[in-house]
Protein chains: 4
Amino acid sequence: MRTVELAAKWDPVKTFKLGAKDIEGELTYLGAQVWRNPEVRVLEKEKPKIKPNEVLIKVKRCGICGSDVHMAQTNADGYILYPGLTAFPVTLGHEFAGEVVEVGVDAFNKRTNKKFEINEPVTVEEMVWCGKCRPCCDGYPNHCERLQEIGFSIDGAFAEFIAVPAKLCWSLKKLEDKVDDLYKLGSLVEPTSVAYNAVIERGGGIRPGQNVVILGAGPIGIAATKILKSAGAAICIVSEPSPARAKLAKLMGADYVVNPQKENFVERVKEITDGEGAKLYLEATGLPMMVIDDIQNAIWECRGVNSIVVIVARAEERMPVCGEYFQVKRSNIVGAQGHSGHGTFPNVINLMAAGLCDVSPMVTKEILLDDVPQHLKILQMDKENCKISVKIS
Amino acid sequence: MRTVELAAKWDPVKTFKLGAKDIEGELTYLGAQVWRNPEVRVLEKEKPKIKPNEVLIKVKRCGICGSDVHMAQTNADGYILYPGLTAFPVTLGHEFAGEVVEVGVDAFNKRTNKKFEINEPVTVEEMVWCGKCRPCCDGYPNHCERLQEIGFSIDGAFAEFIAVPAKLCWSLKKLEDKVDDLYKLGSLVEPTSVAYNAVIERGGGIRPGQNVVILGAGPIGIAATKILKSAGAAICIVSEPSPARAKLAKLMGADYVVNPQKENFVERVKEITDGEGAKLYLEATGLPMMVIDDIQNAIWECRGVNSIVVIVARAEERMPVCGEYFQVKRSNIVGAQGHSGHGTFPNVINLMAAGLCDVSPMVTKEILLDDVPQHLKILQMDKENCKISVKIS
Amino acid sequence: MRTVELAAKWDPVKTFKLGAKDIEGELTYLGAQVWRNPEVRVLEKEKPKIKPNEVLIKVKRCGICGSDVHMAQTNADGYILYPGLTAFPVTLGHEFAGEVVEVGVDAFNKRTNKKFEINEPVTVEEMVWCGKCRPCCDGYPNHCERLQEIGFSIDGAFAEFIAVPAKLCWSLKKLEDKVDDLYKLGSLVEPTSVAYNAVIERGGGIRPGQNVVILGAGPIGIAATKILKSAGAAICIVSEPSPARAKLAKLMGADYVVNPQKENFVERVKEITDGEGAKLYLEATGLPMMVIDDIQNAIWECRGVNSIVVIVARAEERMPVCGEYFQVKRSNIVGAQGHSGHGTFPNVINLMAAGLCDVSPMVTKEILLDDVPQHLKILQMDKENCKISVKIS
Amino acid sequence: MRTVELAAKWDPVKTFKLGAKDIEGELTYLGAQVWRNPEVRVLEKEKPKIKPNEVLIKVKRCGICGSDVHMAQTNADGYILYPGLTAFPVTLGHEFAGEVVEVGVDAFNKRTNKKFEINEPVTVEEMVWCGKCRPCCDGYPNHCERLQEIGFSIDGAFAEFIAVPAKLCWSLKKLEDKVDDLYKLGSLVEPTSVAYNAVIERGGGIRPGQNVVILGAGPIGIAATKILKSAGAAICIVSEPSPARAKLAKLMGADYVVNPQKENFVERVKEITDGEGAKLYLEATGLPMMVIDDIQNAIWECRGVNSIVVIVARAEERMPVCGEYFQVKRSNIVGAQGHSGHGTFPNVINLMAAGLCDVSPMVTKEILLDDVPQHLKILQMDKENCKISVKIS
């Protein structure tokens, strides 16, 4: 079968030390310090064989994620930009949907609590949580201590077929007859679930009638906009300089888009919300140094209390946080990671089935498997596209 | 000024004992055991004078509530049906909106944290919580130990003017230019807040994508339907036998209406939700004996866990609850009362201002002040009307 | 190795229908309708072999639970009293602690996130949750849809050795050098966790300084008393008629024990709490019809709001619940089941290691494996013993 | 009557602008920018007269708070160090307990819901929340928009008598016959409530068996230690360099005290908790720059997830927060302020009445009213004393 594979050379920087869970030459939790000269190519591989607890999925659609771009992109020394868990060579691709075509003897469908059905449309969590470590047993699979990641450390879905544990699969059957393009929307469940986990599970959601502010209108910010409007946000303000993304944010429900490069963000938030401010601020830019003061000052200057700041975008920079603002305004900061557990995938699918979360307009381009390597390069510069979706079968 | 007053005779039943907070001949917490031969009439009274912490409101609209009907309705012995806190004679009316026309020196507007503005449009909490007892100080004004109620124990808003403490007023300024009829919608904030307190504050709300079931499509059930759809309910099922109310429920967002007299409620819930059931069940019929088994069996037979049953309608009957169902399905029962505190009024107003909670279709008839006495009688039998709204000025 | 086995005849009552998950002649979810003429005997069996994800435990201690008694006890027609999931013949015993003596290649210790250590002292969850169904994936293993139960549907710990999945094991290493009898206390972690899940996870715990009422001083009520005092209950009232159990309750921290057969429960609660009542009421008697009015009336007559009633004891009877009491007093009813997930086992072990939860006085008798069959009979009548602990190796 | 008064000169720094709620020459929200050359003296004043909603309290005890010291202490330019709400001249003192000696006609006792009793022992909230602004009406009196503060902007309790609104008073009757020195302990309810609000209300408390870390063993850290041990903290680690305070922390329940100037804090936390870390970290040093990395690194390097960092000490400095740590470890930062609302005062009093919160050992010295001015100076340097308590009558 055809696949998109990324290979790179294990050539650690001098300061790198093999971690407790790293495997020499194979797997590391600190990709950017180890992998050099990545190459992406379309490759024929053998169709995978399933284990008893797995299903084989014929992949229909798989989106390109920023992480895919960063795995193929390098710094001046040739090291990949993606900092996290990686084991190369690997088939890329983790935002996908497809059809079940083979079922292991112990592969159960959570929709029915019976063996999986052939032809069941499904999407899949990217995080292969072990279900046996302390965080998994306590109910926090996003913080699994023995995590593997599909398309990062084990083979992904830029491929005609993929074998995955049934427990990671979520049926899309409810979307049949309800949406225009089942698999296109289905492949967006994963990124939408990252946003849902951030604003609903970690941010605690909102009460209908409260206001929200989203900083950054990339795929996560866009999905969060749609989710929070569906949750009854009275006013959703998106902060985003790119005109193309601003337009998309409006299309997805944003009531106002503020350009922080041209407008005074804090003043605009005060003005739009009649001085009340927002219950939830989502940092989805990845540039916390750039936006933390806007967030803190908006909290400080608006009259509302109990704001929650959710940090979902990854960044190594430190943010200068003023504790007093959070004391006086009874406010919190929360870190968000992952998409697994807490009913997130099925809630997102239910929301889509109800017609309340059609995030498909975030797909700004559709391509074929053979086009992936080239687009991973294009996307290094291109900020106009929001999500590129790959049609696979 | 013209008012609608209810008078009745203090003539306690033999078993009645004066309570600690009752006042002989004047006020009781057990109206149905004391007040006999109620009479409702249109009466001229003097315009009220305000205290320093009060505002004078020119009433524009006031809705008729089921409680108003029950205060004027009697049993075979001539005692009023309404069981609660009452002090007669009293001007009726507590679901109202109007314009501020006079402002006490200590009367502040929560919208601005400054003295109230003349002509500010406002609506008002019906519960006059003291702010000084243990529940009030702990943050639970709906459970005030020194409560008075507007239109029940102190003069209400079926009148051209009413004087109320500023702390009970909530500005409707945000609705200006946003809604067709500011005061018509504004007078619905109170009953909508009762529903909001029940499903959001007491029921804990839902996560977007979860399902809900509302039993009873009276004003509270109807408002709850609108609120929960605005909160992202994937599927909202309303159980209601009256065709007129069923139609209204659909208009307000119900995805399905089940007629429990003609259909098998439990089977329908299973079928509609693909066996998942609902996160929240709202008992809004006032007939718990009639519906508790439907609710318990739906919880038991559906596969979802963590259901919350919210009891909002008042009823003296006891419900036969099976603890094991609530154990096996990790479920809860919650009692809900009131509309004050917890940001409920302002959240409802924000939701209306955002166009997400137009409950005005529940107004099925509009009348004038002089028509109120006659309509209190008509409503004893009439089940076709949902909410009658009185135009006052 | 020596074991205590229960065998019985599959002889369903006429009205019994094989359920979806039942297996003819082998396993049922409705034990009391199927199994007849139970026989308990001490039997030699082969030492079990472990799978890759399992450890072999040399059992040191195992407590006798009421369920063990009910599996061996019959009604007039010879059917067992225990109503739930059962597959006979089975080795009984599920409240145990022991030492790891063999480790599968994939058997990890949550304490270290490494392979299990030989000689690690451990206790084990009784619920074999699948980790793959909807409730498990959402974080609710106590409500697993594919549950097996150790000592009920698969072989238990009245045996010299038992093989169990490593994910169910919790290290007792912290108790070493901290407690008198590591394995005696360790074998009480399971029943203590049932109480902890009821009052902390499902009941939401208390704030230090709040009051609690425990109805029934069996092992669960006793453990709940200890846990809630350790959580800062200002006043813990236990309602219990048996003098022996009352004495034990006091020993475990109860501030007051009320005998509901001789004293007016509601008046006593009012008097003791200065009219405030309790934040949490735990129904641990199994006789809800007998105690529900005491609970409801205490809630109604005391001045506190926000009470939570936790139903932990199993009972088929229905309770006549008055919704209005729960409305006026802002109160809730919650069903509680199980002990898995939510960090419960490790929190209980930490509490024991800190010397804050020594529940070992609830062990009123210690016996040997060969004595178990006889004591299962004695316990049908004996109400003086609280917990009998079996020394195995 | 004798009082301790602080006077100062209104002489704003050049950059100061009169705020919306400031009153020229009288009151400001930014004390340190306005008040110069403070003088503290013992002064005879007239016994205050009460309003209808007030009680007159004969003050028995009043503690000295760090804020009192900072109001009397100046920088090089003679401006006071205390940065907040102040109106001088004012009688100082806000941590007090006394006896009710006169009762206004509308002054109710929350303990009885009746008029206050003469001779009732009480303590009083320092925050005079208005009960009418948006935060107060929503249930957040600590964030009142029209706040006054006893002993800061209105006359305090370094005086023989004080008149206060009854709604701020909490009965100490439960402590009678239960504690050695009713008023000494009663005067500590206020600072203990600040700690309780921080760790229980804002920090969300802990589950029994979880670990906590307290940074700084001043009065708030000490009280938090006692509260969290009473809430079932398995291990409570206090970080504190002063030997005197370390000793006190141990006395109040700390399981370990770490000296961060001599020991590696992160390593010690790992070692003591067997690598688990803490559920709650309380920043009570006022030196966030000094401790934030210790906290973040402990969270990062320990294996536990879901840590909450509560910032209770005031500081203007910004903390360099690494969002990624809070993402990977599912952690939160929370700001805490105040002591009012949420049942905090009565819970603290209940806890003291139960013998579970005897914080009186934090009183390291007892003095008389006339000694206050001198001790306000001594305390500028003295770090040995924890709390000085003033015996007034």
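A:Arg330 and D:Glu201 are joined through their side chains by a salt bridge, with 2.4 Å from N to O. The model in which this pair occurs is predicted. The pair belongs to the interface of chain A and chain D, across which 8 salt bridges are found. Between chain A and chain D there are also 29 residue pairs in polar contact, counted where both residues have pLDDT 80 or more.

**The interface of chain A and chain D**

Several elements of chain A give two or more residues to the side that touches chain D: α4 (189-202), α8 (288-301), β20 (318-322), α9 (323-328) and β21 (332-335). Of the elements, α9(A) has the largest share of that side, with 6 residues. By residue type, the side of chain A that touches chain D divides into 16 nonpolar, 10 polar and 14 charged residues.

On each side of the interface the number of residues in contact is given as follows: 40 residues of chain A are in contact with 40 residues of chain D. The size of an interface is often expressed as the accessible area that is lost when the parts come together. For chain A and chain D the buried area is about 3,300 Å², and 42% of it lies on carbon and sulfur atoms. A:Arg318, A:Gln327 and A:Arg330 together supply 24% of the area that chain A buries against chain D, more than any other three residues.

The counts for this interface are set out below.

| Item, chain A and chain D | Value |
|---|---|
| Salt bridges | 8 |
| Residue pairs in polar contact (both at pLDDT 80 or more) | 29 residue pairs |
| Residues of chain A in contact with chain D | 40 residues |

**How the two chains are related**

Two copies of a chain are related by a rotation about an axis and a shift along it. The same surface serves both copies, as 100% of the contact residues of chain A recur in chain D.

**A residue of chain B**

B:Ser307 is placed in the loop between α8 (288-301) and β19 (308-311) of chain B. Is B:Ser307 buried or exposed? B:Ser307 counts as buried because its relative accessibility is 3%. A polar atom of the side chain of B:Ser307 lies 2.7 Å from the backbone oxygen of B:Ala278. Leaving aside residues up to four places away in sequence, B:Ser307 touches B:Ala278, B:Lys279, B:Tyr281, B:Ile299, B:Lys329, B:Arg330, B:Ser331 and B:Asn332.

Key
Residues are numbered from 1 along each chain as its sequence is written. Chains are lettered from A and ligands numbered from 1 in the order in which they are written. This is a predicted model: local features need pLDDT of at least 70, side-chain atom pairs count only at pLDDT 80 or more; totals for chains, interfaces and linings use all residues. Side-chain values use heavy atoms; hydrogens and water are left out. Contact means heavy atoms within 4.5 Å. Helices (H or I, at least four residues) and strands (E, at least two) are DSSP runs, numbered from the N terminus. Buried means under 20% relative accessible area, exposed over 50%, partly exposed in between (1.4 Å probe, protein chains only). A polar contact is a pair of N or O atoms within 3.5 Å; within protein, one must be able to donate a hydrogen and the other to accept it, and residues adjacent in sequence count only if both atoms are side-chain atoms. Buried area is the accessible area (1.4 Å probe) that two parts lose on being put together, summed over both. A salt bridge is a side-chain nitrogen of Lys or Arg within 4 Å of a carboxyl oxygen of Asp or Glu. Ala, Val, Leu, Ile, Met, Phe, Trp, Tyr, Cys and Pro count as nonpolar, Asp, Glu, Lys and Arg as charged, and the others, Gly among them, as polar.
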